[in-house]
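I would ask you to keep the sequence and the model in view while I speak.

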Amino acid sequence: MATKRPRTTISFDPEEYEQLRRWAESEFRTVPQLISAIVKKSLLERSQDLKPGDKA
């Protein structure tokens, strides 16, 4: 089933990927699920930091 969600590709250094893999494993997630959670949290924090009238 095709998804309508936009997709992107990201590359990591092997050491960074290994850290992400271990982090994801500790939370019973896949690396893509972990990356998605990190991005969502960062976007939420950024939106809370923006002042009214600031551009995103």
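This is a predicted model: local features need pLDDT of at least 70, side-chain atom pairs count only at pLDDT 80 or more; totals for chains, interfaces and linings use all residues.

Arg21 has a relative accessible area of 30%, so it counts as partly exposed; throughout this talk, buried means under 20% relative accessible area, exposed over 50%, and partly exposed in between, with a 1.4 Å probe and protein chains only. Residues are numbered from 1 along each chain as its sequence is written, and side-chain values use heavy atoms, with hydrogens and water left out.

With which residue does the side chain of Arg21 meet in a salt bridge? The partner is Glu25, at 3.2 Å from N to O. By salt bridge I mean a side-chain nitrogen of Lys or Arg within 4 Å of a carboxyl oxygen of Asp or Glu. Arg21 and Glu25 both belong to helix H1 and are four residues apart, about one turn of the helix. Helices here are DSSP runs of H or I with at least four residues, strands are runs of E with at least two, and both are numbered from the N terminus.

Glu18 is partly exposed because its relative accessibility is 28%, and Arg22 is partly exposed at 46%.

Beyond these, the side chains of Arg29 and Glu27 meet in a salt bridge at 3.0 Å, N to O. Arg29 is partly exposed, with a relative accessible area of 36%, and Glu27 is partly exposed at 35% relative accessibility. Salt bridges that share partners join Glu18, Arg21, Arg22 and Glu25 into one network. How many salt bridges does a search of the whole structure find? It finds five.

H1 has 13 residues and reaches 18 Å from its first C-alpha to its last, close to the 18 Å expected at 1.5 Å a residue; the expected span is 1.5 Å times one less than the number of residues. Gln19 is also found in H1, and it counts as exposed because its relative accessibility is 53%. Gln19 and Val31 are twelve residues apart in sequence, and their C-alpha atoms are 10.0 Å apart in space.

Phe28 is found in the loop between H1 and H2, and at 79% relative accessibility it counts as exposed.

I turn to the aromatic residues. The structure holds one aromatic pair. Phe12 and Tyr17 form this pair, which is tilted, with 6.4 Å centre to centre and 45° between the planes. Rings of Phe, Tyr and Trp (its six-membered ring) pair if their centres lie within 6.5 Å; planes under 30 degrees apart count as stacked, over 60 as edge-to-face and the rest as tilted. Phe12 is partly exposed at 29% relative accessibility, and Tyr17 is partly exposed at 39%.

Finally, the pocket. The largest pocket has a volume of about 560 Å³. On a 1 Å grid over the protein atoms alone, a pocket is an open set of points where a 1.4 Å probe fits, with protein on both sides within 12 Å along at least five of seven lines, and lining residues have an atom within 4 Å of a point. Grid points are joined across faces, edges and corners, and a volume is the space filled by probe spheres set on the points. The largest pocket is lined by 16 residues, and Arg5, Thr8, Pro32, Ile35 and Ser36 lie nearest its centre. Helix H2 (residues 31–49) gives the most to this lining, with eight residues.

Ile35 has its place in helix H2 and is partly exposed, with a relative accessible area of 22%. The C-alpha atoms of Ile35 and Ala24 are separated by 8.8 Å, and the two residues are eleven apart along the chain.
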